[in-house]
Amino acid sequence: MNIKRIFGALLTVLGIVSLIYAAQVFLSATESTRDIKTLIIYGVLGIIFFASGISLVRTTKDES
């Protein structure tokens with residue numbers, strides 16, 4: 001059981017959830033009430049988590 005792969009998968013899922021939430025906030029808000037800070041924070045964190053999770057899963061070798 002490789003802890004790095006599990007952590008990478010967890011980061012990837014967290015990034016996907018964060019990006020989906022940012023998209024939901026973007027689509028549900030009207031122009032006058034759109035919260036730019038929330039969109040930026042969740043979008044950037046989602047991209048960082050997703051990219052680092054995918055990178056961690058790809059670079060970790062299987063040693064059975």
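Trainee: Threonine 12, is that buried or exposed?
Mentor: Threonine 12 counts as buried, because its relative accessibility is 11% and buried means under 20% relative accessible area, exposed over 50%, partly exposed in between (1.4 Å probe, protein chains only). Keep in mind that this is a predicted model, where local features need pLDDT of at least 70, side-chain atom pairs count only at pLDDT 80 or more, and totals for chains, interfaces and linings use all residues. Residues are numbered from 1 along each chain as its sequence is written, and side-chain values use heavy atoms, with hydrogens and water left out.

Trainee: Ok, and where does threonine 12 lie?
Mentor: In helix H1. Helices (H or I, at least four residues) and strands (E, at least two) are DSSP runs, numbered from the N terminus.

Trainee: What does threonine 12 touch, leaving out residues up to four places away in sequence?
Mentor: Phe49, Phe50, Gly53 and Ile54. Contact here means heavy atoms within 4.5 Å.

Trainee: And which backbone oxygen does its side chain reach?
Mentor: The one of glycine 8, at 2.8 Å from the side chain of threonine 12. A polar contact is a pair of N or O atoms within 3.5 Å; within protein, one must be able to donate a hydrogen and the other to accept it, and residues adjacent in sequence count only if both atoms are side-chain atoms.

Trainee: Which other residues of H1 are buried?
Mentor: Among them are Gly8, Leu11, Gly15, Ser18, Ala22 and Val25. The buried residues of H1 pack against H2.

Trainee: How many residues does H1 have?
Mentor: H1 has 26 residues, and from first C-alpha to last it reaches 37 Å, close to the expected 38 Å. That expected span is 1.5 Å times one less than the number of residues.

Trainee: What is leucine 39 in contact with, beyond its neighbours within four places in sequence?
Mentor: Ala22, Val25, Phe26 and Arg34.

Trainee: How far is its C-alpha from that of leucine 27?
Mentor: The two C-alpha atoms are 11 Å apart, with leucine 39 and leucine 27 being 12 residues apart along the chain.

Trainee: Back to phenylalanine 50, where is that found?
Mentor: Phenylalanine 50 is in helix H2 too. Phenylalanine 50 counts as partly exposed because its relative accessibility is 33%.
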